[in-house]
Amino acid sequence: MSEDPAVPATGQTSPFQDERNARDEAPQFVLPLVVRIERDAPPARTDALETAARAVLTLLGDERSTGDGEWADAVRNWEDARIRKVVRRARGAEWRRAGTLDGITLTGTSAEVRVFPPVPLDGWPKDLAKLQVSGTELDDPEPPAAPDPALPVLWLNPDLNMSAGKAMAQTGHAAQLAWWALPAPARTTWRTAGFPLAVRTATPAHWHDLTRLDLPLVRDAGFTEIAPGSATVIADHPALR
């Protein structure tokens with residue numbers, strides 16, 4: 001299950017806070033993501049997490065999401081309320097139908113993730129509403145290599161056990177916090193390069209060190225899988241050091 005909002009480390013009226021605030025009075029929207037999981041060829045877990053994070057960034061950086069773009073009002077409404085992301089899974093005809101809806105498909109090494117402009121919490125398109133949320137479990141066939149030191153890295157908390165769908169939503173939150181925190185030139189550089197990034201699970205010692213830095217930190221609201229206020233992901237972008 002992966003329908004939780006999250007809470008960043010700071011911000012009095014943040015869309016990720018667990019405390020009730022003015023954002024709760026606004027109409028609530030959700031950002032849908034769909035991961036393709038075929039029975040005979042599921043994607044690797046880390047690749048799916050990285051592809052989901054890049055999908056969120058790609059939508060945020062798309063010209064349709066800003067200014068007078070066709071998705072801009074939906075994105076603004078979503079950002080004015082709680083920032084919710086829901087990851088659903090599809091295969092076969094379900095995936096093909098999802099591909100006919102307005103959105104962007106991102107492809108990794110083995111993963112395919114389609115992100116859609118935000119929709120009202122109770123107003124999902126029919127072909128997305130019927131897709132499954134729970135049961136999104138994936139594995140890595142072998143441990144991922146150490147990340148390139150030049151890449152932004154989304155570090156997962158080693159003390160938490162999250163399903164793939166939950167972790168995809170959390171890495172999407174972390175990518176979004178990094179995007180918001182970056183100065184405009186760094187955003188442009190990252191977008192022009194295609195949003196390269198890595199997702200890895202930190203060692204306990206490294207996680208401890210990361211929490212002492214002033215980096216974007218996601219705290220989960222705790223509606224599913226983990227306790228409220230749990231720190232889930234830290235976004236370590238070189239431009240934020």
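**Exercises on a predicted protein model**

In this predicted model the protein averages a pLDDT (the predictor's confidence in each residue, from 0 to 100) of 89, and 88% of the residues score at least 70. Over residues 1–13, however, the pLDDT is below 50, although this stretch has 59 contacts (heavy atoms within 4.5 Å) beyond near neighbours in sequence. Where pLDDT is low, the predicted coordinates should not be read in detail. Residues are numbered from 1 along each chain as its sequence is written. Local features need pLDDT of at least 70, side-chain atom pairs count only at pLDDT 80 or more, while totals for chains, interfaces and linings use all residues, and side-chain values use heavy atoms, with hydrogens and water left out.

**Exercise 1.** Describe how helix H1 is placed against helix H5.

*Solution.* Step one: helices are DSSP runs of H or I with at least four residues, numbered from the N terminus, and here H1 covers residues 45–61 while H5 covers residues 164–181. Step two: their axes, which are lines fitted to C-alpha atoms over the stretch in contact, come within 8 Å and cross at roughly 40 degrees. Step three: H1 is therefore oblique to H5, since angles under 35 degrees count as roughly parallel, over 145 as roughly antiparallel, 65 to 115 as roughly perpendicular and the rest as oblique.

**Exercise 2.** Find residues that join H1 to H5.

*Solution.* On the H1 side, the residues include Arg45, Ala48 and Leu49, and on the H5 side they include Ala164, Met168 and Trp179.

**Exercise 3.** State how much of the protein is buried.

*Solution.* Taking buried as under 20% relative accessible area (1.4 Å probe, protein chains only), buried residues make up 54% of the 241 residues.

Definitions and conventions. Axes are lines fitted to C-alpha atoms, for helices over the stretch in contact, and angles run from 0 to 180 degrees between N-to-C directions. Helices (H or I, at least four residues) and strands (E, at least two) are DSSP runs, numbered from the N terminus. Buried means under 20% relative accessible area, exposed over 50%, partly exposed in between (1.4 Å probe, protein chains only).
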